[in-house]
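Colleague: I'm new to this one. Could you put it up and walk me through it?

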Amino acid sequence: MSFPSGFLWGGATAANQVEGGWNEGGRGPALTDVTTGGSVKEPRYETYIDKDGKPGKKLQKQPLPDGAHYAVLDGYHYPNHEAVDFYHHYKEDIALFAEMGFKTYRMSISWSRLYPKGIEKEPNKEGVEFYRNVFMELKKYNIEPLVTIWHFDTPLYLEEHEGGWLNRDLIEYYVRFATTCFTEYNGLVKYWLTFNEINNTVMFLDMFGNKATDEDYQNAYQILHHQFVASAKAVQIGHAINPDYMIGCMICGITRYPATCDPNDILANRYGWEKGIFYCGDVQAKGYYGTYAKRLWDEHNVHLNITEEDLVDLERGTVDMYTFSYYMSSLETTHEVKDKVSGNFVAGARNEYLTYSDWGWALDPKGLRYYLEVIYDRYELPLMVVENGLGAYDKVEEDGSIHDEYRIDYYRQHIIEMNKAIEHGVDLIGYTTWGCIDLVSAGTGEMRKRYGFIYVDMDDEGKGSMARSRKDSFYWYKKVIASNGADL
Ligand code: BGP
């Protein structure tokens, strides 16, 4: 078994989950500073009326409990304020990535570190320099950065005072931010992703039994449209700045199967792929809305504000590569679900042929091959798996070692399936495992849900030394990379 030469092996993180330093270096607060675990808990706001009589929202602040250094708001702590402090440990962390032999490192740029409120005309110099230093450090080890421009972390100001992504003006603010990234880091970065898991906005609206209203759909589709246009504008600008830039979309890839052979389930499954997966990929990779889009909008009485100019932008701003995260598959059914899987983030009908992680995520390596082959057939663009990993409890032995055989096994199975897809003709150019260093969970805000090859001594209460150590999987992944995927 072998992978193409030049295959981009590496790991992935996001600023809001590793960086910390949330109020350092001139950084402004971001939405993710108040919504880590936001999918389960809402931030608490106070409402107020400003001097012009305009209503606004303000976060309720609470002091830190004794001994903890994670900030606490209304009794709920936001661990990503400090996260695993990549902000101060980046040299040490990058040296560890280099030791594993990483060819690439996927990371994101915190928007509010460059534009604290999102509305400024000029970027915050200290923020710009921070990422320049990180990229220079990666260059030292010949590690190619793969940079996500938006990873859920819209500046809080834009959410509180500008109405967030429902407001068309966000396109302009985002484009300014993206242009700064493309210009400042020209020569240091080649691979870019415009929006992380852009499809979540619609896919999770009614997946697994959530009931969304027509208004929820109206807003979600309009938000997505603004993000599509922002992405397409950024792609055009990026290519004008440097024609060699490889700019990709990033889709939350959940392989969907029908739960039964009832034609109703088969149809539901087909429509589920369209709504959850293809809707975004088609716009970003083909440059136009799929024929089924009108059906999806009509289902919920959605009327979008789309201009002629938008359509031109979408057509001109198609991506160079399709990237996605892959953690699990799910079952689609029109029947009542008796045997339900529960877990954070995602829950649904249990697939009796699969096993599940401690957090209820279906472990399905073959589902990765399925996804790769379906998507390659549809777009014929280079593909990258930019997230894949196992959130698990790790036990630190008395001598400090961590025997995470379950994680090694998980990766081994997924790499075997990727290789089969390549043998079947799929142009897969890279693989970055999620949370190559332990980080704060996006879904729950926990530290104990660990993904890393590198362990970080930090717990859910924000207590720990932040010391880094190598798990068994660290040595294993090093061997995999050194053998270009042959030695598993
Ligand atoms: C994806 C996100 C990541 C990451 C991952 C794992 O949806 O892009 O940010 O966190 O899922 O999810 P969790 O952190 O909830 O385990």
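Colleague: Which strands does helix α14 lie across?
Modeller: Helix α14 (residues 405–423) lies across β15 (383–387) and β16 (428–434), and runs at about 165° to β16. Axes here are lines fitted to C-alpha atoms, for helices over the stretch in contact, and angles run from 0 to 180 degrees between N-to-C directions. Helices (H or I, at least four residues) and strands (E, at least two) are DSSP runs, numbered from the N terminus.

Colleague: Where do the coordinates and numbering come from?
Modeller: This is a predicted model: local features need pLDDT of at least 70, side-chain atom pairs count only at pLDDT 80 or more, and totals for chains, interfaces and linings use all residues. Residues are numbered from 1 along each chain as its sequence is written.

Colleague: How many helices and strands does the protein chain have?
Modeller: There are 15 helices and 18 strands in the protein chain.

Colleague: And which strands make up the closed barrel?
Modeller: Eight strands do, in the order β1-β6-β7-β8-β9-β10-β15-β16, with parallel pairing. Two strands pair if DSSP finds at least two bridges between them. Neighbouring strands of this sheet are turned by 30° against each other on average, direction ignored.

Colleague: Take β8 and β9. How many bridges do they pair over?
Modeller: Strand β8 (residues 191–195) and strand β9 (residues 246–258) pair over three bridges, in the parallel sense. Trp-192 has Ile-247 in β9 as its bridge partner.

Colleague: Switching to the inside. Which residues touch the most other members of the largest nonpolar core?
Modeller: Val-147, Ile-149, Tyr-322, Leu-372 and Leu-383 do, out of 127 residues in that core. Helix α9 (residues 214–241) gives the most to this core, nine residues. A nonpolar core is a set of buried Ala, Val, Leu, Ile, Met, Phe, Trp, Tyr and Cys residues joined through C-beta atoms within 7 Å.

Colleague: What counts as buried?
Modeller: A residue with 20 or more other C-beta atoms within 10 Å of its own is buried, one with 12 or fewer is exposed, and one in between is partly exposed; C-beta atoms are placed from the backbone. Of the 488 residues of the protein chain, 49% count as buried.

Colleague: What is Leu-383 in contact with?
Modeller: Leaving aside neighbours within four places in sequence, Leu-383 is in contact (C-beta atoms, placed from the backbone, within 7 Å) with residues including Met-321, Tyr-322, Leu-372 and Val-426.

Colleague: Last topic: where does Asp-85 lie?
Modeller: Asp-85 is in the loop between β5 (76–78) and α3 (86–100). Asp-85 has a positive phi of about 55° although it is not a glycine.

Notes:
Two residues are in contact if their C-beta atoms, placed from the backbone, lie within 7 Å.
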